[in-house]
Amino acid sequence: MDHEHVREVDPAVADALDGERDRQEQTLAMIASENHVSEAVLEAQGSVLTNKYAEGYPGGRYYAGCEYADEVEELAIERAKELWGAEHVNVQPHSGTQANQAVYYAVLDPGDKILSLDLNHGGHLSHGHPANFTGQIYEVEQYEVDADTGYIDYEGLREAAEEFEPDIIVSGYSAYPRTVDWEEIQAAADAVDAYHLADIAHITGLVAAGVHPSPVGVADFVTGSTHKTIRAGRGGIVLCDEQFADDIDKAVFPGGQGGPLMHNVAGKAVGFKEALDPSFDEYAQNVVDNADVLAETLQDHGFTLVSGGTDNHLVLVDLRDSHPDLPGGDAADALAAANIVLNGNTVPSETRSPFNPSGIRAGTAGLTTRGFDAAAIEEVGDLIHRVVDNVDSDDVIYEVGERVVELCEEHPLYE
Ligand SMILES: *Cc1c(COP(=O)(O)O)cnc(C)c1O
């Protein structure tokens, strides 16, 4: 992967691309929303389909010359249907956020009501945050996780729904380490005659592999990002029952987007094919097992985890007990200096600013892709502890950084 054509035209960008390739090789990608796609997905995403306009859907495009675009999109749709067991799939959303926008646009009018999880408790900007357009054109109320347990407060959610009478309830989260009970949320939605959008952006791969229960067939709409645990490259997806197919398709195009990014749709098709292989189920199980090992290792070192552990691919550490003077952003900076890349994250009952919050979030999808097993993950947990305990020691950060590079060399990404 030596970007030779870019280098001929633009050495500055080639340098940056080489730098990024090397950064990914030599650091631990533990940002819970990230993963590493295969070279096959990269090739599809970097293909000539970037040149093609294909507004519309397979068999009904607004431009000529779409026969190969049609083939690729049909394959992506077919495979997604098989992966998630959905009646209808739209693979054109440019990203998970655009997938959510399509659902809102399909079923809500401006001023309608969204009930979603508070961002500090693991929600997402596209679920009605004031800084997002959804927070401005819709009326938004939020539910929370239980302050003591860290689990979704399903009873509180039901009560909030009865009081607020939302038009849609949004479930699915960015920083929630536990299994989501889709039926409970569906029951809350049914009780007030609201739609239910289950946004599985983070756990698309876990749901496809059956290591997390599926909301497909439970919630009215399921959305996701395709670059997270499903490992199919940048993009988004909407899954729904046949009865909503036309509304969703119209809301994606022309409602919210222009021409689909057909090269990304090709990446999705290839990534979905890889995910249909039985080896992907094993991968997803390993992701979850590795997160469990990480959780236990960190707890053994005295860290407090929100909800006391994990059922999925991520852990959320609340640093306030073990390191009351160390904000999560500062911890993340020290870890990055030691080649461990994760993010500072808000925690329930947050007492700091979102720019330097009280927690750190770490996921195992990327490391598992490059073959980290339980023993290697345990060592990573030890290294995280060493750095967080010694954020002011350049020696410790240097030593850990060197060890991380060795671990990365033992688990190469792109050869
Ligand atoms: C990541 C994420 C999204 C979508 O993000 P994009 O960057 O637009 O793909 C949506 N919802 C949740 C809960 C997420 O974590």
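Reply: Happy to! One term to begin with: a polar contact is a pair of N or O atoms within 3.5 Å. Keep in mind that this is a predicted model.

Me: Okay, which polar side-chain atom lies 2.8 Å from an oxygen atom of the ligand?

Reply: One of them belongs to Ser225. Thr97 also has a polar side-chain atom 2.8 Å from a ligand oxygen, and for Ser95 the distance is 2.7 Å.

Me: And how much of the ligand does the protein bury?

Reply: The protein buries 87% of the 380 Å² that the ligand exposes when taken alone.

Me: What does UniProt say about Lys228?

Reply: An unreviewed UniProt entry places the feature "modified residue: N6-(pyridoxal phosphate)lysine" at Lys228.

Me: Where does Lys228 lie?

Reply: Lys228 is in the loop between strand E9 (221–225) and strand E10 (236–240).

Me: Is Lys228 buried or exposed?

Reply: Lys228 counts as buried, because its relative accessibility is 10% and buried means under 20%.

Me: Which residues does Lys228 touch?

Reply: Leaving out residues up to four places away in sequence, Lys228 touches Ser33, Asn35, Ala201 and His202.

Me: Switching topic: how many disulfides are there?

Reply: The count is zero, going by cysteine sulfur atoms within 2.5 Å.

Me: What about Cys66 and Cys240, buried or exposed?

Reply: Cys66 counts as buried at 5% relative accessibility, and Cys240 counts as buried at 4%.

Terms used:
Residues numbered from 1 in each chain as written. Predicted model: local features only at pLDDT ≥ 70, side-chain atom pairs only at ≥ 80, totals over all residues. Heavy atoms only, no water. UniProt positions renumbered as here; feature names shortened; annotations may be inferred. Helix = DSSP H or I, 4+ residues; strand = E, 2+ residues; numbered from the N terminus. Buried < 20%, exposed > 50% of the residue type's maximum accessible area, 1.4 Å probe, protein only. Contact = heavy atoms within 4.5 Å. Polar contact = N/O pair within 3.5 Å; in protein donor to acceptor, adjacent residues only side chain to side chain. Areas by Shrake-Rupley, 256 points an atom, 1.4 Å probe, with all protein chains shown as cover.
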